[in-house]
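Please open the structure in your viewer and keep the selection tool at hand. The stops below say what to select next and what is there.

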Amino acid sequence: MSETRHVSIDPITRLEGHGRIELFLDDDGNLADAFFQIPELRGFEEFCRGRQGEDMPQITERICGVCPEAHHFASTKALDACYGAPPPPRAKKLRELLYNAYIFSDHLLHFYYLGGPDFLVGPYAPPQERNIIGVVGKVGLELGGQVIKHRGYGQRIIEIVGGRPIHPVSGIPGGQSKGITEEERDEIRSMAGSAVEFAQATIDVFNQTLLADENYKRFIEEAAQALPTYYMGLVDEAGSTDFYDGDVRVVGPDGSEYAQVPGSEVLGLIEERTEPWTYVKIPYLKDVGWKGFVAGSDSGVYRVGPLARVNVSKQMGTPLAQEQYERYMSFFGGGPVHATFAYHWARLIEMLSAAERAAALIDDPELMTGDLRAPLGEPGQGVGVIEAARGTLIHDYDLDERGLIRSSNLVVATTHNVAGISLSIKDMAKEVVHNGEVDQGILNLIEMSFRNYDPCLACATHALPGQMPLIVQVRDPAHNVLRRIER
Amino acid sequence: MAKAKIGIYWAASCGGCDCSLLEVNEQILDVIEVADIVLWPCAADAKYDDLRGFADNEIDLVLFNGAIRTEENREIAEMIRKKTKLLAAYGSCAHTGGVIGLANLSSRDEIFTTVYGAKENWPQVEASQHGFALHLPEFLERLTPLESVVEVDYFVPGCPPPKEIVRTLFSALISGDLPEKGTVFASEKNLCEECSRTREQKRITRIVRPHEEEPDPNLCLLDQGYMCMGPATRGGCGAVCPAANMPCTGCAGPTANIADQGAAMLNTVASLIGAEEEGEDHLEAEDAVIAQLADVYGTFFRFASANSLFGKRYHERNTTR
Amino acid sequence: MSEQTKSVFEPRIVAFLCRWCSYAGADLAGVSRMTYPPNVVPMRVNCSGRVDVGMVLKALEMGADGVLIGGCHPGDCHYVNGNYKTRRRIEVLRNALADTGLNPDRVRLEWISASEGRKFRDTMTEFTERIRELGPSPVAVEAGAHGEG
């Protein structure tokens, strides 16, 4: 009995980044406690100091090679604000085109390569088969080939618009470094159209596999795997999910609005705490307060990412995804949806929406004519907010008079979810660990509970430092700085 | 014929190198025809206990990305070295330390202070929570490339290695025709050889930062005053960054004949800086251009600082900064 | 660094001297029996323009506490414009070294002609004392050059 008192899942797998789950059992072999530890840290906030502002999109995107586009454009948007230079329509649409291709590609990666195999192959399948190779084996080479092809399409669009498929280079303050040719546009149009169809086909796969799976159905229906938390995401003026831009909206566990603020003010809503046993920090809603690892309206724990975005938005903003959104909401009897395993479903609705947006943008005439760069003002302070695949991402920079980074705040998607993940793995462990029986299938179920969130742990260990000053700059219509307030 | 056993592992990494292996699209299916992927934490479920279970040299090839940042990175690198016949330092971090090598400009205490604030908030290698003992790997004082802790057989430069290079690597694996130890999977020539821009070898009369101006798409970026690392950087990527109107940042590390990539570029830039003519009348103008260099570390030493004098900060008194 | 080490600190200095001017100037100082500190290791190069940033860094990494580069006066370079490049390179390097936290005074460029034996002697003496004042180079200390490891 004493041999099974402590079980490590080390490392956790099929996600981005390093993590470990430590399980401690009581004398009856049931769960006493569970910890989600992140054993990695690289220190970007420290070595970004002194760097040239315009280098930050390429430096910060190395926080994560699965979602570099998110950092690249959160950074670029922060620089737009630092220089008082919103990009001209052509540059903005090019960025949005790339960005929606990224969301499509990243969500595809998660469903087929990372979290999806647990259901596509089966949670109790042998570990050697619970991966993309097992998925291809199970669904067949034809669908498998389509998976590979369409991820390739997403990446190719990023490459064309951004210069490289991983760690793109085109984001600059006030614009884009390059446009696209007519041939490239034709190539993208065909890929984007195919992406929409493939996203729909993926939802069919979901309906036939996950929604038909006893385990999945149980998990999305039982309270033990639901967390009534707050939710955060970006919405546009109509209240639709917008991955690239918008205001930050936070709703409570009952769906009521907690806050809706511009990106530049979101840092004022949250605070973070440290724990000695993990390198990641844990944000929570400041005014609700930290009440421990618990969910509910009295706890400042909140979540981000697909489940959250679908909860904070009023509609999807694109027609086919909207149909899926209505079907989803109808299944759950309206929002907010607290079932953690619903992340997989919400993610596919977003994958479709992103493909639709890319397909719509490619024929926008403003994409091909006009300026690529806006004139820049004097460098100062600015915030860029964007929705990474995994959740809200914030870059806040203060540039000195030479345009070098004086200080930077980065609040990164998965960090917001750390408390939620900790809760989810513990709830699952409580449910599945009994009498000291712990086999690899049971351990995998515990891992499945964090895979819902599509965590990016290299991202997570870059979060709001506690002592940064709040800086506000007031600019005139010509983008000159009138006042700078520092607190 | 028995399938080869290959592994893919990440130390202090961003995951981009793991994703780069997928950029070959369908070729990955040919790879899995000839090889079983026995370790790949990003995409498969083998755990450290499974790795421990392999006999020495049982694995045929491991592609190891990421730099050595924590005690765990070092320990697993040493374990992998024992278990595999061939080990490749894959990607800039494993090869030369990568952009995260810039963390070496600060001490561990400085990094922790910036990230966590006061010392009482710092994570601990040994901690106790609710009576349970929890352990974190130590954050090493310096970050180093893979070669600093184990012998490396192959080097695959790039951040991440471009798909053309990955295809070459996979083709070698698929055919069973792996090259000799010490091979670097990249061009022996510098980026300028692949770049389609026209080089006129002008003087740099002004240092231009990429956001200040739109460059002429046909002319060499260095000629136009942009700090392009091309001359000191290995090719093999097709010079895609200059093609996107952005200067090369040197992610593939130095060419074989250069020991210190940043020093070589400082040299090149200094040689090129100047007025149209050289002479005593132009010294002040030259100094004015030199003064425009704003961030030496971030511009010239971004990916390969670990083994350079510029791979750390010193703390002399009586300095000008 | 112990007090005893401090009191016996002898700077190790590498001087890259161009053969046409500053090395000849050094010879002249020698032939004229001018004394200057023995701390300097002279390295003859064909032109000060031969000295690149990497060589200076290498000297520092190998244990030099100070590096001096001697060349022809501007306008007098035997190879016409080699020393203009040297000037820019050393200027770029000194600025860059200041960013590292090293004292840029550890690297010095001086124009010394073949007839300036006295200037050679004075420069070497001054530079040695300046380095003695600065103490051992942190780079040299790390390289184990001063015995402490």
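Two residues are in contact if their C-beta atoms, placed from the backbone, lie within 7 Å. This is a predicted model, in which local features need pLDDT of at least 70 and side-chain atom pairs count only at pLDDT 80 or more, while totals for chains, interfaces and linings use all residues. Residues are numbered from 1 along each chain as its sequence is written, and chains are lettered from A and ligands numbered from 1 in the order in which they are written.

**The chains together**

Colour the model by chain. Which chains share the most contacts? Of the two pairs of chains in contact, it is chains A and B. Chain A and chain C, by contrast, are joined by no contact, and their closest C-alpha atoms lie 10 Å apart.

**Chain B**

Select chain B, whose C-alpha trace spans about 70 × 55 × 30 Å along its principal axes. Its secondary structure comes to eleven helices and nine strands, where helices (H or I, at least four residues) and strands (E, at least two) are DSSP runs, numbered from the N terminus. Of the 321 residues in chain B, 55% are buried; a residue is buried if 20 or more other C-beta atoms lie within 10 Å of its own, exposed if 12 or fewer, and partly exposed in between, with C-beta atoms placed from the backbone. Among the contacts in chain B with a separation of 6 or more, 73% are between residues 24 or more positions apart.

Now turn to where chain B meets chain A: 62 residues of chain B are in contact with 68 residues of chain A. The elements of chain B that give two or more residues to this side are α1 (16-20), β4 (68-70), α6 (108-116), β6 (126-129), β7 (132-135) and α8 (240-243), and α6(B) gives the most, with five residues. By class, the side of chain B that touches chain A has 35 nonpolar, 17 polar and ten charged residues; Ala, Val, Leu, Ile, Met, Phe, Trp, Tyr, Cys and Pro count as nonpolar, Asp, Glu, Lys and Arg as charged, and the others, Gly among them, as polar.

**The nonpolar core**

Select Ala355(A), Ala358(A) and Phe64(B), the residues with the most contacts inside the largest nonpolar core, which has 303 residues. A nonpolar core is a set of buried Ala, Val, Leu, Ile, Met, Phe, Trp, Tyr and Cys residues joined through C-beta atoms within 7 Å. Helix α4 (residues 89-114) of chain A gives the most to this core, with 15 residues. Not counting residues up to four places away in sequence, Ala358(A) touches Leu97(A), Asn100(A), Ala101(A), Phe104(A), Ile157(A), Ala192(A) and Ala195(A).

**Two helices of chain A**

Next select helix α8 (residues 182-208) and helix α12 (residues 343-361) of chain A, whose axes come within 8 Å and cross at roughly 165°. That makes α8(A) roughly antiparallel to α12(A). Axes are lines fitted to C-alpha atoms, for helices over the stretch in contact, and angles run from 0 to 180 degrees between N-to-C directions; angles under 35 degrees count as roughly parallel, over 145 as roughly antiparallel, 65 to 115 as roughly perpendicular and the rest as oblique. Among the residues that make the contact are Ala192(A) and Ala195(A) of α8(A), and Ala355(A) and Ala358(A) of α12(A). By class, this contact has 13 nonpolar, three polar and one charged residues.

**A loop residue in chain A**

Move to Phe243(A), in the loop between β6 (230-235) and β7 (247-251) of chain A. Is Phe243(A) buried or exposed? Phe243(A) is buried, because 23 other C-beta atoms lie within 10 Å. Phe243(A) and Glu387(A) are 144 residues apart in sequence, yet 4.7 Å apart in space, C-alpha to C-alpha.

**Chain C**

Finally select helix α2 (residues 22-31) of chain C, in which seven of the ten residues are buried. What covers these buried residues includes β1 (13-18), β2 (40-45), β3 (66-71) and α5 (117-134) of chain C. The axes of α2(C) and α5(C) come within 7 Å and cross at roughly 90°, and the two helices are therefore roughly perpendicular to each other. After α2(C) comes Arg33(C), whose phi is positive, near 60°.

To end, show where chain C meets chain B, a contact that takes 27 residues from chain C and 29 residues from chain B. On the side of chain C, the largest share, twelve residues, comes from α4(C).
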